[in-house]
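This briefing goes through a single-chain model by topic. Please look over the sequence and the structure before reading on.

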Amino acid sequence: MIPVIASLAALRQAAGVRLRLLVMLSAGLWLLLGLATGLTRLGWGLAPAELSALHGPLLVAGFLGTLISLERAVALGQGWAYLAPFLTTVGAALLVSGRPGSWLIVAGSLVLLAANLALHRRQPSISSSTMALGTLVFLLGNLLWASGRPPGQVVLWWASFLVLTIAAERLELSRLRVPPAWSRVAFLVCVILLLLGLWLQSALAGLAFLGLTAWLGRFDLAWRTVRARGLTRYIAVCLLTGYFWLGLAGLLLSTGGLPVAGPWRDAALHAVFLGFVMAMIFGHGPLIFPALAGLRIPYRPVFYAPLTLLHLSLAVRVWADLAGPLELRPMAALGNAAAILAFQACMVLSALLASRAATGRPEGRAPLPPTQPAAQTAFARLDRPDPPAPEARQTPGCARATEDP
Ligand code: HEM
């Protein structure tokens with residue numbers, strides 16, 4: 001009887017992993033289409049023109065919304081929470097096929113909010129409440145968009161959702177450094193300023209971004225982990241360089257606001273989305289993807305190549321936006337997209353090589369990392385200051401992955 005139950009449980013786990021992999025692949029598809037529509041807007045003609053307006057929704061809701069809600073569902077470990085990534089990805093598919101999908105995305109963000117509230121109830125903290133607040137901002141932004149506002153008018157809500165989610169996760173991890181009590185008050189002031197900025201004006205939101213950058217620059221664990229080796233250092237470099245872009249976005253928003261169109265707007269938006277958010281994805285990819293899809297993605301030094309390309313090409317794009325010749329922008333944007341594609345290629349190749357090495361071993365394929373329900377943070381895992389390698393790591397609140405030295 002016990003072996004039957006065990007094999008049923010193994011089958012269920014394998015089916016769950018396959019399903020998560022499928023959802024992740026769909027998110028990857030929205031990322032590709034989002035990049036193609038962005039490049040089309042800059043003249044590259046890679047996607048049908050009628051899809052151009054979907055650039056922001058595909059990337060924020062289709063790609064990031066799906067990935068974040070999948071991670072939250074795994075963290076919570078309850079079946080209903082998987083409805084969130086399912087709804088956001090189906091919503092994105094409907095949008096692409098020309099049907100109204102925005103209300104499905106609203107429903108997906110509502111389920112994500114419920115999942116974050118459940119996680120907050122399980123382990124109440126400033127970090128978990130900030131994360132739930134971030135999801136509420138996402139939900140409100142999506143409601144505005146579904147009721148007819150163009151993506152360009154809700155973009156600050158989307159950006160704030162991502163900034164709050166990531167900052168909350170870093171706040172949680174900063175506890176390992178035992179920051180002074182006033183640092184929490186400072187964090188809360190920034191969060192309140194950001195909420196005010198969303199209601200009142202973008203310059204206040206810019207000040208909040210600046211405040212959060214200062215907070216992260218002062219208290220983030222990455223300053224310590226950057227002195228470690230391998231994956232730990234790579235993640236820290238992604239984080240610290242990402243904070244630079246968040247600070248720049250804050251500076252641009254607080255001094256010039258967010259105009260309705262033009263290069264200033266492009267620079268401010270993509271400093272957040274490409275410089276900050278994508279750098280976080282680059283850093284956490286080798287931990288999140290194994291946790292969600294049950295694949296091993298060992299660290300390799302080549303991971304620095306896409307990161308460097310991302311930062312350099314974004315620097316050219318922002319410089320072209322703010323001071324340089326605008327003709328450089330399409331080329332720089334191509335570099336942005338190439339960096340993201342190179343990052344995806346690194347993840348896939350590293351997983352394939354690890355799997356091939358494991359199947360070559362006499363004991364056969366390496367076991368999938370066991371999923372572990374119910375820790376707290378979205379992009380989180382423990383950055384241990386000076387890890388022994390290889391080391392077992394706590395990944396985004398949902399699983400363990402092992403790091404190669
Ligand atoms: C190759 C990379 C990218 C290119 C070429 C690109 C291009 C563009 C362009 C031309 C705009 C219009 C700016 C304006 O209103 O003046 C835009 C807006 C926007 N982008 Fe990107 N983008 C890229 C990457 C990203 C990424 C990775 C994200 C999110 C993670 C993102 C999210 C947005 C959002 C939310 C908007 C505003 C909403 C909208 O107008 O659709 N972009 N992008």
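Two residues are in contact if their C-beta atoms, placed from the backbone, lie within 7 Å. The model is predicted: local features need pLDDT of at least 70, side-chain atom pairs count only at pLDDT 80 or more, and totals for chains, interfaces and linings use all residues. Residues are numbered from 1 along each chain as its sequence is written.

**Chain and confidence**

- The chain comes to 13 helices and 2 strands; helices (H or I, at least four residues) and strands (E, at least two) are DSSP runs, numbered from the N terminus.
- Of the 405 residues in the chain, 53% are buried. A residue is buried if 20 or more other C-beta atoms lie within 10 Å of its own, exposed if 12 or fewer, and partly exposed in between, with C-beta atoms placed from the backbone.
- Among contacts in the chain with a separation of 6 or more, 68% join residues 24 or more positions apart.
- The average pLDDT of the chain is 88, and 87% of the residues score at least 70; pLDDT is the predictor's confidence in each residue, from 0 to 100.
- Residues 369-405 have a pLDDT below 50, and this stretch has 116 contacts in the model beyond near neighbours in sequence. Where pLDDT is low, the predicted coordinates should not be read in detail.

**Nonpolar core**

- The largest nonpolar core has 130 residues, of which Val163, Ala249, Ala271 and Val272 touch the most other members. Such a core is a set of buried Ala, Val, Leu, Ile, Met, Phe, Trp, Tyr and Cys residues joined through C-beta atoms within 7 Å.
- Helix α11 (residues 263-293) gives the most to this core, 20 residues.
- Leaving aside neighbours within four places in sequence, Ala271 is in contact with Trp245, Leu248, Ala249, Leu252, Phe276 and Val318.

**Helix α8 and Gly206**

- Helix α8 (residues 202-219) has 18 residues and reaches 25 Å from first C-alpha to last, close to the 26 Å expected at 1.5 Å a residue. The expected span is 1.5 Å times one less than the number of residues.
- Buried residues of α8 include Ala205, Gly206, Phe209, Leu212, Trp215 and Phe219, and their cover includes α6 (151-174), α7 (181-199) and α10 (230-256).
- Gly206 lies in helix α8 and counts as buried because 25 other C-beta atoms are within 10 Å.
- Beyond its neighbours within four places in sequence, Gly206 is in contact with Gly250, Leu252, Leu253 and Ser254.
- Gly206 and Leu258 are 52 residues apart along the chain, and their C-alpha atoms are separated by 9.3 Å.

- Helix α12 (residues 304-322) has 19 residues and reaches 27 Å between its first and last C-alpha, close to the 27 Å expected.
- Among the buried residues of α12 are His311, Arg317, Val318 and Asp321; the cover of its buried residues includes α10, α11 and α13.
- Helix α5 (residues 126-146) has 21 residues and reaches 30 Å, close to the 30 Å expected. Just after α5, Gly148 takes a positive phi of about 125 degrees.

**Ligand shell**

- Of the 25 residues around the ligand, Gly38, Gly56, Leu59, Phe273 and Ala333 come nearest; a residue is near a molecule or strand if its C-beta atom, placed from the backbone, lies within 6 Å of it.
- Elements giving two or more residues to this shell are α1 (2-41), α2 (55-76), α6, α11 and α13 (328-360), and α11 supplies the largest share, 8 residues.
- By class, the shell has 16 nonpolar, 6 polar and 3 charged residues. Ala, Val, Leu, Ile, Met, Phe, Trp, Tyr, Cys and Pro count as nonpolar, Asp, Glu, Lys and Arg as charged, and the others, Gly among them, as polar.
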